Amino acid sequence: MKPSIVKCVAISFFCLSGCSLAPDYQRPQVSLPEAFPGAPVTGEGDRNAKCWELFKDARLKSLLDDALANNRDLARSVERIAEARALVSVTRADQFPVLNVTGKASRIDAGQGVRIENQFNILGELSYEVDLWGKYRDATASQRANLLATTYGHQTLALIITSQVSELYIRLVDLENKLAIAERTLENRRDARTIIQARLDKGITSELDLNQAQLDEYEVASTVSQFERERRFVEHALLSLTGRTTGTIERGPIFLSCELESEVPASLLERRPDLMSLEQSIQSELFLEGVAQSMRLPSVDILGVLGLASSHDSSLFESQSKAWSVGGGLFSPLIDWGKNISRVEAQQARVLQSKYAYEGAVINAVREVEDAVAEIETFKAEHELRLLQVVAGQNASRLSRARYDDGIVTYLEV
């Protein structure tokens with residue numbers, strides 16, 4: 001009878017499985033601009049391109065490599081991918097028959113003169129729920145979508161961390177430059193204060209000029225302390241991102257090479273891993289809606305048992321001890337006071353939540369790109385004006401110093 005059991009299970013497995021009740025996926029439609037003018041590109045627009053390679057700085061590249069290799073948040077993200085991959089296998093196993101082996105030995109005395117009975121058996125139990133409505137296949141598909149969402153989430157986190165490291169490194173170099181300028185300025189203020197003190201001692205100038213020089217010196221000295229404090233904070237943050245608790249950050253000048261194109265298609269936003277992760281989350285929730293719908297419908301179970309059973313342990317392995325059974329069952333919810341319907345409604349609400357999360361992320365992504373393009377345009381204009389300001393400031397400093405040395409103006413003008 002064993003071939004009959006196998007045949008029964010095979011027919012159930014290959015022929016009785018039904019279609020999925022999950023709704024078809026349609027990407028949420030969000031109005032996008034046709035293109036972003038003047039956006040920076042790396043050439044191919046590949047979503048896996050290492051955008052940080054725009055910075056031609058070996059020190060920064062080394063920091064980024066350390067962060068990608070040692071950052072604990074990234075390490076946790078990798079383990080979340082491993083967890084999601086394992087859960088796919090766990091969920092997928094529910095689609096297939098389950099075979100268990102049990103062994104039992106018992107001695108029963110029912111009382112009232114009934115003969116004491118012994119029972120020994122070794123049985124193989126095969127159980128299978130026919131996936132009539134695609135419940136288990138939808139659950140597996142949901143876990144696969146969740147695995148992809150987790151993978152894209154890891155890519156998003158890697159981009160965030162590399163962005164943070166790059167920004168902090170540039171800020172660190174900037175603070176080094178500001179600190180050097182502030183220290184040179186402090187030295188000049190001290191020299192000026194010494195000269196004014198000498199002029200005051202000779203009665204050439206007033207004490208007000210000395211007080212003004214002292215105020216300038218102390219102001220610059222406090223700025224030096226401020227820059228030093230900020231530099232340490234930034235360095236500590238970089239050490240944390242690269243998985244270290246001690247050490248120093250080597251720094252040097254930044255060299256940025258970035259191509260600007262007249263227009264970049266807005267459709268490139270669809271390649272952002274954070275948006276792709278949210279899109280997979282929508283699909284995962286849709287498959288779970290199919291699972292919820294199937295729980296409202298009847299289910300069919302098949303059970304087969306094959307093994308050995310005997311009242312004597314000595315005859316357990318003899319041919320006459322063979323035992324088997326095969327059967328099936330039908331289960332259908334009848335009155336559950338709206339529990340299954342509410343389960344479906346709750347899952348449909350989760351689907352809508354994931355869709356709104358995706359749409360909101362797309363809108364925010366458009367804003368981020370437009371802000372970045374605006375920064376590129378306005379910072380360029382600001383930089384040119386700052387250069388003119390430096391020239392005018394240097395000339396004003398030279399002239400005011402000469403006027404002060406000639407006794408025409410007070411030190412306040414200097």
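**A few notes on this predicted model**

1. Start with how the chain folds back on itself. If you take the contacts between residues at least 6 apart in sequence, 81% of them join residues at least 24 apart. Keep in mind that this is a predicted model.

2. For the overall inventory, count seven helices and eight strands. The protein has 414 residues, and buried ones make up 30% of them. Its accessible surface comes to about 26,000 Å², with 55% of that belonging to carbon and sulfur atoms.

3. Have a look at helix α7, which runs over residues 339–405 and has 67 residues. From first C-alpha to last it reaches 91 Å, close to the 99 Å expected at 1.5 Å a residue. Just after α7 comes G407, with a positive phi of about 80°.

4. Next, K61, which you'll find in helix α2 (residues 58–70).

5. Finally, the surface. Which residues make the nonpolar patch of about 340 Å²? They are V101, I122 and F317. Of these, I122 sits in strand β4 (residues 117–130). With 34% relative accessibility, I122 counts as partly exposed.

Key. Residues are numbered from 1 along each chain as its sequence is written. This is a predicted model: local features need pLDDT of at least 70, side-chain atom pairs count only at pLDDT 80 or more; totals for chains, interfaces and linings use all residues. Side-chain values use heavy atoms; hydrogens and water are left out. Helices (H or I, at least four residues) and strands (E, at least two) are DSSP runs, numbered from the N terminus. The expected span of a helix is 1.5 Å times one less than its number of residues. Buried means under 20% relative accessible area, exposed over 50%, partly exposed in between (1.4 Å probe, protein chains only). Contact means heavy atoms within 4.5 Å. Accessible areas come from the Shrake-Rupley method with a 1.4 Å probe; for residues, only the protein chains shown count as cover. Patches are made of residues with over 30% relative accessible area and no salt bridge: like charges are joined within 9 Å, nonpolar side chains (Val, Leu, Ile, Met, Phe, Trp, Tyr) within 5 Å. A salt bridge is a side-chain nitrogen of Lys or Arg within 4 Å of a carboxyl oxygen of Asp or Glu.
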